[in-house]
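Hi there,

Here is the structure I promised to pass on. Have a look at it first, and then read my notes below.

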Amino acid sequence: METLSLDQLGDEIAELSAHLDAATARLLDLIREFDARGGWNNGFSCCAAWLTWRVGLAPGAAREHVRVARALGALPLLAQALARAELSYSKVRALTRVATPETEERLLAVGHAGTTEHVERIVRGWRRVDREAEAREAARQHASRALHVYLDTDGAVTVRGRLTPEIGALLVQALTAAREALYQQAHAEDAGTGAIDVSADTPTMAQQQADALALLAETALHHGIDPGAPGERYQVVVHVDAEVLADADQPGQSVLEDGARVPAGTSQRLACDASRVVMRHDRDGRVVEVDARTRTIPPALRRALHHRDRGCRFPGCGVRFGQGHHIRHWAQGGPTTLSNLAMLCRRHHRAVHEEGYTLDRQPDGELQFRRPDGRPLPDVPRPPEVPDDPVTLLRARHDAQGLRIDARTSTPGWLGERLDVGWAIDVLHPLARSAAPIEWACNWPARHHSIT
């Protein structure tokens, strides 16, 4: 066997690493397109979750790949540098944390000039400046918050104010909910009387906002400025006929408390693991009997289910907390037993009930998931076919693309100078107060200046 010198061995490592970076650029292009086209939306919560299942990336690495792929879609200079293996993936990953189309060119110069350690230090300094700027802006907004309420000469009250962004968003949501409540109330009153006053003018948006604000004030005073318990605020009540629960094609009701219809599949999903009250009606629809409220899955059985499944059983998921799913629905005669239950997160519980996925327990006790088209969804995807000599194939592919990659392709221009992070940020960051010319930083280290 031929013995390589250490220099030759180092050159081969550097060249192959550059080839891998160029291949990573192609990988990120594919991930960005796959993510944009929703290819992962076949039972997975996001593109990163699909990558974890299909490719075997760790969740953190998968999220970083998706983030970098999305960022490079708006940063063509960095994307091109990675595709040519002029910058390593590690450098590009760091630079995409702060780069924008306006600052991309100067940060690209940082990547060419320095090592990955230099890039990481400059990015940390850059983000510190950004955070300080954000903190100053947030403090300015907080200090400028105000609400003025005063009487006009005719006795009307004028309200004028300025709120921080998060409080403003909260107020907008509250006003929207109040306007909707007022609309529902007016609609119900019109339906009850059977008469509509066509002479009444429809309130303008400004008038609706004023009425909504009045409702918010009345509601707050009525409840003693108490938002209530979370369980009460977020409780959802669904009225569904037993026939509809057993067979979605049967006629009957499946409606929310306010009368809005929901699909039968949604009702079946909610009924899998919820509080249940059985109400019996006579032929005229009047309630003749109401049973006590019970849990579909008793607490003791739920604890056993959590202990056995340890999280969502959908392939590639594993979210620790979820809901109990009846493999054969209890409304169809399925027993509420451990063997007929499986733990699913909210996302995949919806997939099974409302998106066409199916779930069966095999005779050996294992679960078998199937896609909407009937194909099995394995716990572990089939491994890809790898050629006997992938390195030669990778080099040949890049040669065919016109890429000339060697051991020096991704070598930085650093000549050993000490890195002065403070000076570099003053030169590079748009918010820096220094007037130092950008060209000076971009030419480093050719002019033997340290960048900071």
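Of the 452 residues in the chain, 29% count as buried, where buried means under 20% relative accessible area, exposed means over 50%, and partly exposed is in between (1.4 Å probe, protein chains only). Please keep in mind that this is a predicted model, in which local features need pLDDT of at least 70 and side-chain atom pairs count only at pLDDT 80 or more, while totals for chains, interfaces and linings use all residues. Residues are numbered from 1 along each chain as its sequence is written, and side-chain values use heavy atoms, with hydrogens and water left out.

The chain has 17 helices and 13 strands; these are DSSP runs numbered from the N terminus (helices: H or I, at least four residues; strands: E, at least two). Of the contacts (heavy atoms within 4.5 Å) with a separation of 6 or more, 56% join residues 24 or more positions apart.

Helix α14 (residues 346–354) has H348, H349, A351, V352 and H353 buried. Their cover includes α12 (264–272), β9 (323–326), β10 (341–344) and β12 (367–370). R346 also lies in α14, but R346 is exposed, at a relative accessible area of 65%. The C-alpha atom of R346 is 6.2 Å from that of G322, with the two residues 24 apart along the chain. After α14 comes G356, with a positive phi near 90 degrees.

A85, at about 65 degrees, is in the loop between α4 (76–83) and α5 (89–95); A85 counts as buried because its relative accessibility is 0%. R310, at about 60 degrees, sits in the loop between α13 (299–309) and β9; R310 is exposed, with a relative accessible area of 57%.

R128 lies in helix α7 (residues 116–143) and counts as partly exposed because its relative accessibility is 43%.

Best wishes
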